[in-house]
2 protein chains.
Amino acid sequence: MAKFVAVLVGLVLLVGPLADVSSAASTLKELTSGKGQRQQADELHDRLSITSNTIEDAKAKSKQPTPGQHNHDQAKNQKITINYETRWFRQLVDHFTWANQDTWLQRYLINKDNWCGPNCPILFYTGNEGDIEVFTNNTGWMWENAQQLHAMLVFAEHRFYGQSMPYKIDPTLISPKQTKTLGYLSSEQALADYAKLIYELKHNIFDAKHSPVITLGGSYGGMLAAWMRMKYPNLVDGALAGSAPILQFPGEYNCQDFNKIVTKDYEGYSSNCSRSIAKSWSTIRDYGASRGSAGLSALGRHFNTCQPMKANDTDLLLEMLNSIWVNMAMTDYANKATFLSDMPAHPIEHACAHLKADPIDSGDEDLLAAISRASQVYTNSTGQNACLNITDYVYDPMDVLWDFQSCTEMVMPICSDGINDMFEPEPFNLTDFVQSCKIRWGVDTQVNKIKTLYGDKNLHSASNIIFSSCTRDPWSAGCPQESIDANQIIVLKCPGAHHEDLRPSGPNDSDEMRQVRKQELDTITNWIQKHYSNVRKFARNETLVWASRRTDSSEN
Amino acid sequence: MAKFVAVLVGLVLLVGPLADVSSAASTLKELTSGKGQRQQADELHDRLSITSNTIEDAKAKSKQPTPGQHNHDQAKNQKITINYETRWFRQLVDHFTWANQDTWLQRYLINKDNWCGPNCPILFYTGNEGDIEVFTNNTGWMWENAQQLHAMLVFAEHRFYGQSMPYKIDPTLISPKQTKTLGYLSSEQALADYAKLIYELKHNIFDAKHSPVITLGGSYGGMLAAWMRMKYPNLVDGALAGSAPILQFPGEYNCQDFNKIVTKDYEGYSSNCSRSIAKSWSTIRDYGASRGSAGLSALGRHFNTCQPMKANDTDLLLEMLNSIWVNMAMTDYANKATFLSDMPAHPIEHACAHLKADPIDSGDEDLLAAISRASQVYTNSTGQNACLNITDYVYDPMDVLWDFQSCTEMVMPICSDGINDMFEPEPFNLTDFVQSCKIRWGVDTQVNKIKTLYGDKNLHSASNIIFSSCTRDPWSAGCPQESIDANQIIVLKCPGAHHEDLRPSGPNDSDEMRQVRKQELDTITNWIQKHYSNVRKFARNETLVWASRRTDSSEN
């Protein structure tokens, strides 16, 4: 059991922070039960592709609010109108062989309100491991700059996430049995989906053969945005890769760095805060294991659990807290946000406000009460949850998908030693990891696959990529840190959390953050201009209107 | 039947010139009959990988001489020693999914005689559609420049050709039944094979983590060399792509251009030569179809066929001649060569010497006799063949493999109109082509696949590629024609035939050809120097010896 938990903790550490997917489960369950996936997708296609779906439509259809919807409210406050048409594109399951010629429908969202017409720019969001609506509603950068760039916005959903399902999968089944279908979940296939969609958007769906295309994404989506430019520079003129840890792979970075940054984020508010969290693990273990039913009952009372705590629940509680502290560091945004959870601006500050006391002086009961209150900044900032359901914060049915990706190629080790960070010691052993993947999925992990495909720290062969790396983001540990001016590999250090630069702007934004966003816009504008100058000779009989439109709008 | 022949002619036109594979059939048959492929490959591995195999060893084992072996004699005349070790590398059948995790053994040939040691350069030949030994023995450029560059030479065999068989295939079977296995034959998978082999050569097989890698290849191998630099610039520092028609795809070039160049090659010697060939098609059809057994008998006599001509053989004879004129144009080399056939220097000159008369003045019998003599420059220049076996020049069991590639993604149309070229009119109809592929292989041809993957005429996103384009080579119709200096996209027009610049140098080489080869060497030397300057910061504790070795050798 200990082994199993260790694997799961490893899983959450590997999965949780990148897996911005908490709301997609119900949609997925709907898609993967009852009717065949193809039939359902076809029905969805009929139902959705011809109507313009705003987020309000989606809200009306959805059974429960999604983070994206919350965020829409936020966006509205900032006078951004988020509305998009939902479309479906028929893709091959396998882009690289002909042994399997099955097809499926990929969802993409599109907004042409600001597009200046034929051959005008396309901003293309390379969807992450989750429902594309979540990312659409959280990537304010694109909505705020579409007008200035006269750009069409496209948000493409990643295969096997959200509603884009090549095959029916069982999100509860971790087994080699599922590898025959889930085996088509890989970054290469996802990039090829995006490439094919971009090609068709340019050549057949729109009159956009000479359009510049900029890929954008945050987190895993940022990795994909950067990799699109690296692998399909014929289709992609540049990439804005927000908090994209493309170097967070074995041999390229130290697995402790991630949790060191998390710890620093809490220390930054007060050392008592991080030290209180550091002390809490053993206290909770003590209550959960050594004090019998009275200890468990005290834990339940302090954390206000919906169900009485059982012995097995202690590990879950620890796992939940680990995940909360990490997620809170990732999303310690300057403005109120609802990305991974509904939280106030600067949530760590709010959490640490409950952990001011020196933990040496605190009694166990006080410490537990304070930890619980701090964690509620994440679990119950609105005060509307009557009690805590731990499993809501530990299990996500979509985790199984990222677990498959991390077991096959996305091996992104995270570890802790309890000395240089505030977590319990949790080493990362690659051999054990690979063995457990073999058992879970029947796969031979390709540890060097990502480096073979996309390279390492030496980015001299890449060009036209902005790697924005927010300094308080734990994932910045795996982000490129040095620009290469000659190639337009531009590292921008933003003062903030996980891809905060891509989020909607807000009243609390620092001048530095505004400056970073402006620099991103200016750089992309330059790439677009360069693109038009390169294609001019290939577009002899076609009008390239962007430059003149730009002049018009700057005159306005 | 007419339809079937049309398809076959189309096939030969699409396949023949690129398919430098005539000698591989016996090896393949051996591999694909009797024992399982895996077992045989393992046996081969045991037998070959630990011994150093020179071409003489191969000759002793082989049942019949190969073009490469002849060429070795030629190479010896020029004092090049061709010797290599044969090795086997375990590859995945499918690099991009985990639904199929089968593995197979890829053959590669290696020579380290001139390698200056850890982190020194690697020249990597990206194998074409044929036995890798043929290309190894015909790529004199690498052997002649290895010493100057202190480079290791690697020649990697393309999956499904030669002895590198992911699955047992039946080279006589054109059927959708074979697509389940042959479906893993694609350029993307072949590039991924090369990428993985390069990664392992650099990181695990040798101490070469910081080695520059230059890919080289001719024809389809040249396309792969260029595409390796485009798709894996993290692993490949530059490419020498000899006669690589990366633009010979629908929408990027005119399908007539290929045969126009062939025709021009013959016209260049005399217009009577090309006009005689142009007239011969109808004369042969007349003899084969309208003159009964006497006509067929006359054809058999003029062409000295081993078997009496039957009615059906006329189409084969026409197909053979078509193929001969094309192949002779491709390999109209300045020096005696044995690449596609054993031929003297400037074979077209020899052929046209038999076709001096104005065809208007020639009687039919004289024309047939002259055409036969001209064709013997290709089929019997040594005079050792007692008679002509037409099928030897029409059917190659390996054609089936290229047919599969052209039906799936390598759609490279060639056509003729009989007005602007010396061939019978043969239109290319894409719809018909796609339909016939569906019947033959059960595949939906991905007509735009290559452009989606690798781009079009606009090469602004590529860098460090030499496209050598020999002006008399019909495939130059599909080669890039304009350099982009800023990106080191360098188009070199060589005065010669199909990737003649990559062949062993010889006594008849023009000054211009020597100059082109020198420019290739200088450019690659610069790329290597640039690579070392880029990796220096990543190789802090490791010695990069190339520069000092270079100084040593220039002092010698």
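Where in chain B is Asn458(B) found? I opened with this residue, keeping in mind that the model is predicted, and I located Asn458(B) in the loop between helix 19 and strand 8 (465-470) of chain B.

**Entry on Asn458(B).** I looked up its partners next, and the side chain of Asn458(B) makes a polar contact with the side chain of His460(B) at 2.8 Å.

**Entry on the interface.** I noted that 49 residues of chain B are in contact with 49 residues of chain A, and that the area buried between the two chains comes to about 4100 Å², with carbon and sulfur atoms giving 54% of that area. On the side of chain B, the residues that lose the most area to chain A are Phe96(B), Trp98(B) and Thr452(B), which together account for 19% of what that side buries.

The elements that give two or more residues to the side of chain B touching chain A are helix 8 (179-182), helix 9 (187-205), helix 10 (220-231), helix 17 (399-408), helix 19 (449-454) and helix 20 (511-535) of chain B. By class, I recorded 18 nonpolar, 18 polar and 13 charged residues on that side of chain B.

The count of salt bridges between chain B and chain A is two, and one that I looked up joins the side chains of Glu482(B) and Lys537(A), with N to O at 2.7 Å.

**Entry on salt bridges over all chains.** The structure holds 38 salt bridges in total, and among them I examined Asp131(B) with Arg107(B), whose closest N and O atoms are 3.0 Å apart. Asp131(B) lies in the loop between strand 4 (122-126) and helix 6 (132-138) of chain B while Arg107(B) lies in strand 3 (residues 103-111) of chain B, so the pair ties together parts that are 24 residues apart in sequence.

**Entry on a helix pair in chain A.** I looked up helix 11 (residues 257-267) and helix 12 (residues 271-290) of chain A, which pack at an angle of about 130° with their axes 6 Å apart, and these two helices of chain A are therefore oblique to each other. In helix 11 of chain A, Thr263(A), Tyr266(A) and Glu267(A) meet Ser271(A), Cys273(A), Ser274(A) and Ile277(A) of helix 12 of chain A; by class, I noted three nonpolar, three polar and one charged residues in this contact.

Methods. Residues numbered from 1 in each chain as written. Chains lettered and ligands numbered in written order. Predicted model: local features only at pLDDT ≥ 70, side-chain atom pairs only at ≥ 80, totals over all residues. Heavy atoms only, no water. Contact = heavy atoms within 4.5 Å. Buried area = accessible area lost by both parts, 1.4 Å probe. Salt bridge = Lys/Arg side-chain N within 4 Å of Asp/Glu carboxyl O. Helix = DSSP H or I, 4+ residues; strand = E, 2+ residues; numbered from the N terminus. Nonpolar A, V, L, I, M, F, W, Y, C, P; charged D, E, K, R; others polar. Axes fitted to C-alpha atoms, helices over the stretch in contact; angles between N-to-C directions. Parallel < 35°, antiparallel > 145°, perpendicular 65-115°, else oblique. Polar contact = N/O pair within 3.5 Å; in protein donor to acceptor, adjacent residues only side chain to side chain.
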